[in-house]
Amino acid sequence: GNYQPSRAKPEIWTQPEAFKKAQTGYLTAVDQLVAVSGSGDMPKIKSAVDEVQTSCKTCHDQFRLDRK
């Protein structure tokens, strides 16, 4: 395939356990958001959205190069 250059940091390969943990945290946060999304309970939904955003930022800070 014709893939764009990756913006992954080398740490994605040198710290595979930490990367897997970050992936698992993200998927868990998304599952929780899906679980509460139709509830109409806005505090729970907001909390779940915040968790997804936090998991994204944490992983990107650790494993993704900044845009240049």
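This is a predicted model: local features need pLDDT of at least 70, side-chain atom pairs count only at pLDDT 80 or more; totals for chains, interfaces and linings use all residues.
Residues are numbered from 1 along each chain as its sequence is written, and side-chain values use heavy atoms, with hydrogens and water left out.

Helices are DSSP runs (H or I, at least four residues) numbered from the N terminus. Helix α2 covers residues 16-37. Its 22 residues should span 32 Å at 1.5 Å a residue, and the distance of 31 Å between its end C-alpha atoms agrees with this; the expected span is 1.5 Å times one less than the number of residues. Phe 19, Ala 22, Ala 29 and Val 36 are the buried residues of α2. These residues lie on the same side of α2, because they cover an arc of only 125° around the axis. The arc is that of the directions from the helix axis to the C-beta atoms. On the other side of α2, the exposed residues are Glu 17, Lys 20, Asp 31, Val 34 and Ala 35. Burial is assigned by relative accessible area (buried under 20%, exposed over 50%, partly exposed in between; 1.4 Å probe, protein chains only). The buried residues of α2 pack against α1 and α3.

Helix α3 also has 22 residues, and reaches 31 Å from its first C-alpha to its last, close to the 32 Å expected at 1.5 Å a residue. Ile 45, Ala 48, Val 52, Ser 55, Cys 59 and Phe 63 are buried in α3. They cover an arc of only 85° around the axis, which puts them on the same side of the helix. The cover over these buried residues includes α1 (11-14) and α2. Met 42, Pro 43, Lys 46, Gln 53 and Lys 57 are exposed on the face of α3 turned away from its buried side.

The largest nonpolar core consists of five residues, Ile 12, Phe 19, Ala 22, Cys 59 and Phe 63. Helices α2 and α3 each supply at least two residues of this core. Such a core is a set of buried Ala, Val, Leu, Ile, Met, Phe, Trp, Tyr and Cys residues joined through side-chain atoms within 4.5 Å. Ile 12 touches Phe 19 and Phe 63, not counting residues up to four places away in sequence; contact means heavy atoms within 4.5 Å.

One aromatic pair is found in the whole structure. The pair is edge-to-face, because the rings of Phe 19 and Phe 63 have their centres 5.3 Å apart and their planes at 75°. Phe 19 lies in α2 and Phe 63 in α3, so the pair ties together parts that are 44 residues apart in sequence. Rings of Phe, Tyr and Trp (its six-membered ring) pair if their centres lie within 6.5 Å, and planes under 30 degrees apart count as stacked, over 60 as edge-to-face and the rest as tilted.

Two salt bridges are present, each defined as a side-chain nitrogen of Lys or Arg within 4 Å of a carboxyl oxygen of Asp or Glu. In one, the closest N and O atoms of Asp 50 and Lys 46 are 3.0 Å apart. Asp 50 is partly exposed at 31% relative accessibility, whereas Lys 46 is exposed at 52%. Asp 61 forms a salt bridge with Lys 57, with the closest N and O atoms 2.6 Å apart.
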